[in-house]
Every structure is written in C-alpha cells, then in structure tokens.
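Here is a short briefing on one protein model. Look at the sequence and the 3D view, then work through the points below.

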Amino acid sequence: MFNFDETRFLRIQQGAVDLAPRIDAAIGAAIGAGATNLYFLGTGGVAYLMEPAVQLLQRRSGFPVFKDYPAELVITGSANLTARSIVVMPSLSGTTKESVAMMAKLQEIGATVITLVGHAETPLGQGGNPALVNFAEDDTSSESFYIQSLLVALSVMKARGEIANYDALLRELASVPAALVAAKKAFEPKAKDFAAIIAGSDYHMFTGAGNMWPEALYYATCILEEMQWIRTRPTHASDFFHGPLELIEPGVSLILFRGEDDCDPLAERVAQFARQYTDKLTVISTADYLPRELSPELRALLSPAVMATLMERLSAHLEVMRNHPLVTRRYYKRVAY
C-alpha cells in the first residue's frame with residue numbers, strides 16, 4: 001500500500017488491544033470502590049474519538065457518563081465531578097495544555113484519573129493512576145484511541161453486570177488489528193479516486209449518524225481543516241434536515257460516512273434526499289471493506305475505527321495530490337495562542 005508501514009500499524013493497534021486487562025482492572029477497582037460516574041475529558045480531536053464510547057454507555061449502561069471541555073471545566077467546575085468520579089483523559093502527546101491544567105484540578109478534587117497517552121515521559125503520562133501508554137502518531141492514533149475507549153465502555157458494563165459477552169468480544173478483538181489492515185487493502189484501489197473528490201473542491205459538507213458522526217466530525221475538522229486547510233461544514237445526520245439541507249444544490253459536495261450500527265437508516269435518509277439535488281454526493285461505507293468474519297456486534301462497535309483506517313489511506317494520497325503534507329501548519333503549535 002502507498003506510503004504505509006504495515007508492521008508499525010499492527011504493532012500500534014495490537015498495543016491498544018493489549019491494554020484491555022489494565023483498563024478492566026482500573027475500571028473494575030474504581031467502580032468496586034464506589035465510583036458514582038465517569039467523565040471523558042479529552043481536548044480537541046481526541047475528544048471526538050471518545051464520543052462513540054460515551055454514546056455506547058449512555059444508551060446501554062445505567063452508569064452516569066459525562067463529556068465536557070477541560071478548558072471550560074477548569075473555569076467552571078461541575079457539581080458532578082467529585083472525588084468519586086472516574087475521569088478518562090486521552091492525549092496523544094501527553095502535553096495538551098488544557099488537559100494538563102485539568103489534571104491539576106482533578107488532583108485537587110481527588111478523582112480517579114486514567115490517562116490514555118502516546119508518551120510516558122509527559123505530564124499526562126506521569127499524572128494518571130494508571131497512565132496507560134500506547135505509542136502512536138497522527139496516522140495511527142485514531143484507531144488506537146477508538147479501541148481503547150471501547151475497552152473502557154465494555155469494562156464499565158462488565159463491572160456493573162450489564163454485558164453478558166464481554167469475554168467473547170475481548171477474544172474477538174484480538175483479530176481486529178489484522179481486520180483493519182484487510183480493510184485498508186480493500187479500500188486502497190479506490191483511495192486515490194476518493195482523494196481526488198476531496199481535492200476537487202475547496203468546500204465539503206460532511207455527515208454521519210450514530211457512532212459514525214464523531215468520525216465525520218473528526219475527519220472534516222482535524223484532517224481537512226487543520227491539516228489540509230480545506231473548508232468543511234460537518235453536520236449530524238439527525239440535524240441535516242433542520243437547516244443544512246438548504247445548502248444542498250448542484251455542485252455542492254456532500255460526503256456521507258456510513259457504519260453498521262442501528263442508526264444507519266438516518267444516513268440512508270440523507271442519501272435519498274441528497275442524490276436528488278446534488279451531483280456531488282459521495283458515500284463511503286465501512287460495510288464494503290471490513291472482512292465479514294467479524295461478528296455483527298463488533299462490526300457495529302468498530303465502525304468508527306474502520307472508517308478512520310480507511311480515511312488514513314485517502315489522506316495518504318490526498319497530501320501528495322495537493323502537495324500539502326499533513327504535518328504542515330500555519331498556527332497549530334507554531335504560534336502563541
């Protein structure tokens with residue numbers, strides 16, 4: 001595959017899967033000790049990657065789950081954030097300014113803080129209890145964080161007796177790194193064509209439903225806007241018919257991400273409408289590329305990670321096609337802000 005190190009990718013995704021026992025032990029111990037709620041407190045794009053796990057717990061668990069902006073919580077606090085809270089803080093660098101400030105606040109509060117980081121010798125790498133480290137870089141981090149956050153959600157449900165097949169899902173997860181590579185290989189022949197669609201316009205609408213929405217938001221903002229300087233308009237499929245539909249006309253590019261969870265009919269509704277009014281509807285579905293050997297349940301849970309792994313292939317072609325490396329920035333971590 002073009003500009004792809006398969007061995008490196010497999011090592012990183014296997015590293016995420018291998019964190020399962022430590023995640024389970026930390027979550028089980030905290031809930032067993034009387035934890036009353038769980039916060040996911042990520043900053044920027046990594047916060048989007050936690051959202052499928054938030055959604056899963058909100059819909060399938062009775063354990064109260066919150067997500068918030070660390071930059072705001074440092075200022076406002078929260079009546080629900082207490083010494084009996086579990087806080088999951090993801091940060092690839094381990095140095096994210098807003099998250100480091102939040103860590104200091106959490107230490108004052110006395111909450112149980114689990115950090116998910118890519119580098120141990122960092123403030124967040126040193127501050128978690130536990131700090132769970134799985135080295136990754138931008139092109140491999142999305143899948144890693146999706147897997148880790150899914151493991152958090154599954155462990156919460158296991159600790160509360162809300163899931164009967166935790167062990168079976170965990171055994172099946174062992175095959176996920178290879179399944180992601182297989183999805184990449186299946187998508188590769190089309191990746192350049194999809195990249196050409198993105199390169200062919202300076203404005204795109206993005207949408208998705210259910211657990212696919214966070215990946216649509218992530219790719220539009222954190223990849224295309226931040227890393228390619230392409231303007232996007234992300235909108236949840238549930239909101240599409242409450243304003244954004246009026247932007248659809250011939251020549252407007254709409255990119256629709258489709259997964260395999262129960263919310264996919266909402267995506268189909270958007271597709272049926274949009275294909276009548278624009279000649280630039282692009283639909284990318286994880287079902288077309290993920291090996292069928294995985295169970296329907298795990299396929300649905302992993303749809304965001306699968307889409308992320310497909311989009312990495314698209315991005316590899318896009319940065320060359322546009323002569324704009326993904327690491328090029330004007331402001332991000334380059335100027336004071």
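What is the strand order in the open sheet of four strands, and is the pairing parallel or antiparallel? The order is β7-β6-β8-β9, and the pairing is parallel. Keep in mind that this is a predicted model. The protein is divided into domain 1, residues 6-163, and domain 2, residues 185-322.

- From one strand to the next, the twist averages 20 degrees.
- Strand β6 covers residues 203-208, and strand β8 covers residues 253-258. Five bridges join these parallel strands.
- Helix α11 (residues 264-277) lies across β6, β8 and β9. Helix α11 runs at about 155 degrees to β8.

**The five-stranded sheet**

- An open sheet of five strands has the order β2-β1-β3-β4-β5. The pairing here is parallel.
- The edge strands are β2 (65-67) and β5 (131-133). Each of these pairs on one side only.
- Neighbouring strands of this sheet are turned by 15 degrees against each other on average, direction ignored.
- Helix α7 (residues 138-159) packs on the sheet. Helix α7 touches β1 (37-40), β3 (85-91) and β4, and its direction makes about 175 degrees with that of β1.
- Strand β4 spans residues 112-117 and runs parallel to β5, with three bridges joining the two.
- Leu116 stands opposite Leu132 in β5.

- How far apart are the C-alpha centres of domain 1 and domain 2? They lie 26 Å apart.
- The contact takes 17 residues from domain 1. Domain 2 gives 20 residues to the contact.

**The largest pocket**

- The largest pocket has a volume of about 1200 Å³.
- Its lining has 37 residues. Those nearest the centre of the pocket are Gly44, Gly45, Glu226, Tyr332 and Lys333.
- Which element gives the largest share of the lining of the largest pocket? That element is α10, with six residues.
- Both domains take part: the lining draws at least three residues from each of domain 1 and domain 2.
- By class, the lining of the largest pocket has 17 nonpolar, 11 polar and nine charged residues.

**The cavities**

- How many cavities of 30 Å³ or more does a search of the whole structure find? The search finds two.
- The largest cavity has a volume of about 50 Å³.
- Among the residues that line the largest cavity are Phe194, Phe206, Tyr219, Ile255 and Met311.
- The elements that give two or more residues to this lining are α9, β8, β9 and α12 (296-321). The largest share, three residues, comes from α9.
- The lining of the largest cavity has 10 nonpolar residues, one polar residue and no charged residues.
- The second largest cavity holds about 30 Å³ of space.
- Residues lining the second largest cavity include Ala209, Met212, Arg258, Asp261 and Asp264.
- β8 and α11 each supply at least two residues of that lining.
- The lining of the second largest cavity divides into five nonpolar, one polar and three charged residues.

**Backbone details**

- Which two residues are joined by a cis peptide bond? They are Asn129 and Pro130, and omega is about 10 degrees.
- Pro130 sits in the loop between α6 (123-127) and β5.
- Asn3 has a phi near 50 degrees, a positive value in a residue other than glycine.
- Asn3 is found in the segment before α1 (6-17).

Notes. Residues numbered from 1 in each chain as written. Predicted model: local features only at pLDDT ≥ 70, side-chain atom pairs only at ≥ 80, totals over all residues. Heavy atoms only, no water. Pairing = 2+ DSSP bridges. Axes fitted to C-alpha atoms, helices over the stretch in contact; angles between N-to-C directions. Contact = heavy atoms within 4.5 Å. 1 Å grid on protein atoms, 1.4 Å probe; cavity = no way out; pocket = protein on both sides within 12 Å on 5 of 7 lines; lining within 4 Å. Points joined across faces, edges and corners; volume = space filled by probe spheres on them. Nonpolar A, V, L, I, M, F, W, Y, C, P; charged D, E, K, R; others polar. Domains from an automatic or database assignment.
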